[in-house]
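Dear colleague,

Please find below the structure that I am handing over to you, with its sequence. My findings follow directly after it.

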Amino acid sequence: MCRSLLPSNIHTYTMTRLKLHLYLVLVLILQANNGVVCSREDECVEVGFARSAGSYLHQGYEAAKEVMMGRWREEEERGVPTYADLTPLLKNVTRAGQLLEEASKAIILILLLALYDLTVTRAGQLLEEASKGIVALVRKTRVGKRCIGDWILRGLEKHVIPLINLDKPLGEDLGLVMSFRCLVGSPYPNVDGSCVNQESPDLGSVGSKFLRLQPATVSKDGFSVRGSVREGDGAALPSARDVARLVRKHIKKTHTTHTFSQWGHFIQRDTFSIPESPLSEDVDCCTIPDGEDCAPIPIPQHDPIHSTLSCINYKRSARAQAILGHRESMSLVSTYLDATPVYGPTDKVAFTLKTGYFGYLK
Ligand SMILES: *[C@@H]1O[C@H](CO)[C@@H](O)[C@H](O)[C@H]1NC(C)=O
């Protein structure tokens, strides 16, 4: 009945820094429950965010902020990672994403701990011993039926909480409040894709996150690379090379010329370019597969293309989420078909290629 109190999938990095905080929460809960810590056999419990998470949210955010600010200071001192692929603003965008991810993890951890009490209460156990504060929490959190972990994550996302709302001064310091220069009446869209849509000027522009047609499929902890559903327990998915080989087997070959692949490449370069995570900069993920943001792709024997390699040094993308919740990616070029490979992705590049703002190509 009674198992380990802490979920096993919590990031150890967050853990150590949160230790003191959590210890206090833990002691409170243990005391309230007369020292009995029960497992949550039924992983679905009543929990919500609209009214509940206030103090937990800020507790988690503050703990994560402390960790991340320390990390950024270290990065500046050591000059590693260099964030070389990102402009100063995009460096700040991805740092904000890192902070929001750590904050989400910390909030989930704190809420999971609080939920133990919720389950106990629901089972009608030890209700009388429970402290007034915890009973109040239980009342406040009854917003709907949700399951733990990834559901908490979805709850966080549903009540969209952008960094700028969590922490206005930091948001401003990071320059995340963009001021757009939409030239009213200009016949041309901006090179960086901003202002194409006047109502959402940043839609599809450089550095904005991709939109999703489907909700994100999150891993068990909500942040790592997702595992197999069929195999259970988040077992690793088959190598992307295996999948590619299988898919290719079933594709009917049509006759195309070389222009087809060249044009395809051109369109791809025009519509998206996703930067790798700076946190795995200069890391050989094939030798350090557990490195931060590493997602190396093993190459099966007899691979038709990469027969001499055993692994592709593949990395996860730079974070670009602006709200608490799962990771999102950004694009380094506008997502419109606007001839980015010809003009470049930003004004800065475009000005080296053109004669003036409305000018012809040199
Ligand atoms: C990035 O953030 C730093 C503070 O960490 C700030 O000084 C700098 O101006 C920001 N850069 C941009 C382009 O907003």
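Lys315 is placed in the loop between strand S4 (311-312) and helix H10 (340-343); helices (H or I, at least four residues) and strands (E, at least two) are DSSP runs, numbered from the N terminus. Please note that this is a predicted model, in which local features need pLDDT of at least 70 and side-chain atom pairs count only at pLDDT 80 or more, while totals for chains, interfaces and linings use all residues. Residues are numbered from 1 along each chain as its sequence is written, and side-chain values use heavy atoms, with hydrogens and water left out.

Lys315 is buried yet has no salt bridge, and Glu276, the nearest side chain of opposite charge, is 4.2 Å away. Here buried means under 20% relative accessible area, exposed over 50%, and partly exposed in between (1.4 Å probe, protein chains only). A salt bridge is a side-chain nitrogen of Lys or Arg within 4 Å of a carboxyl oxygen of Asp or Glu. As to charge, Lys and Arg count as positive and Asp and Glu as negative, whereas His and the chain ends are not counted. The side chain of Lys315 reaches two backbone oxygens: that of Val283 at 2.9 Å, and that of Ser280, which lies 3.0 Å from a polar atom of the side chain. Leaving aside residues up to four places away in sequence, Lys315 touches Glu276, Ser280, Asp282, Val283, Cys285, Asp293 and Ala295 (contact means heavy atoms within 4.5 Å).

Salt bridges

The structure holds 17 salt bridges. One of them joins Lys65 and Asp167, whose closest N and O atoms are 2.9 Å apart. Lys65 lies in helix H2 (residues 54-78) and Asp167 in the loop between helix H6 (163-166) and helix H7 (168-173), so this pair ties together parts that are 102 residues apart in sequence. Asp167 is buried, at a relative accessible area of 8%.

Glu75 takes part in two further bridges. With Arg95 the N to O distance is 2.8 Å; because Glu75 lies in helix H2 and Arg95 in helix H3 (residues 88-122), this bridge ties together parts 20 residues apart in sequence. With Arg71 the closest N and O atoms are 3.8 Å apart, and both residues lie in helix H2, 4 residues apart, about one turn of the helix. Glu75 is buried at 5% relative accessible area, and Arg71 is buried at 16%. Arg95 is buried as well. A network of salt bridges links Arg71, Glu75, Glu76, Lys91, Arg95 and Glu292.

Gly97

Gly97 also lies in helix H3 and is buried, at 0% relative accessibility. Gly97 touches Arg319 and Gln321, not counting residues up to four places away in sequence.

Aromatic rings

There is 1 aromatic pair in the structure. The ring centres of Trp263 and Phe266 are 5.3 Å apart and the planes lie at 5°, so the pair is stacked. By definition, rings of Phe, Tyr and Trp (its six-membered ring) pair if their centres lie within 6.5 Å; planes under 30 degrees apart count as stacked, over 60 as edge-to-face and the rest as tilted. Trp263 and Phe266 are 3 residues apart in helix H9 (residues 258-271), about one helical turn. Trp263 is exposed, at 53%, whereas Phe266 is partly exposed, at 29%.

Yours sincerely

Definitions and conventions: Polar contact = N/O pair within 3.5 Å; in protein donor to acceptor, adjacent residues only side chain to side chain.
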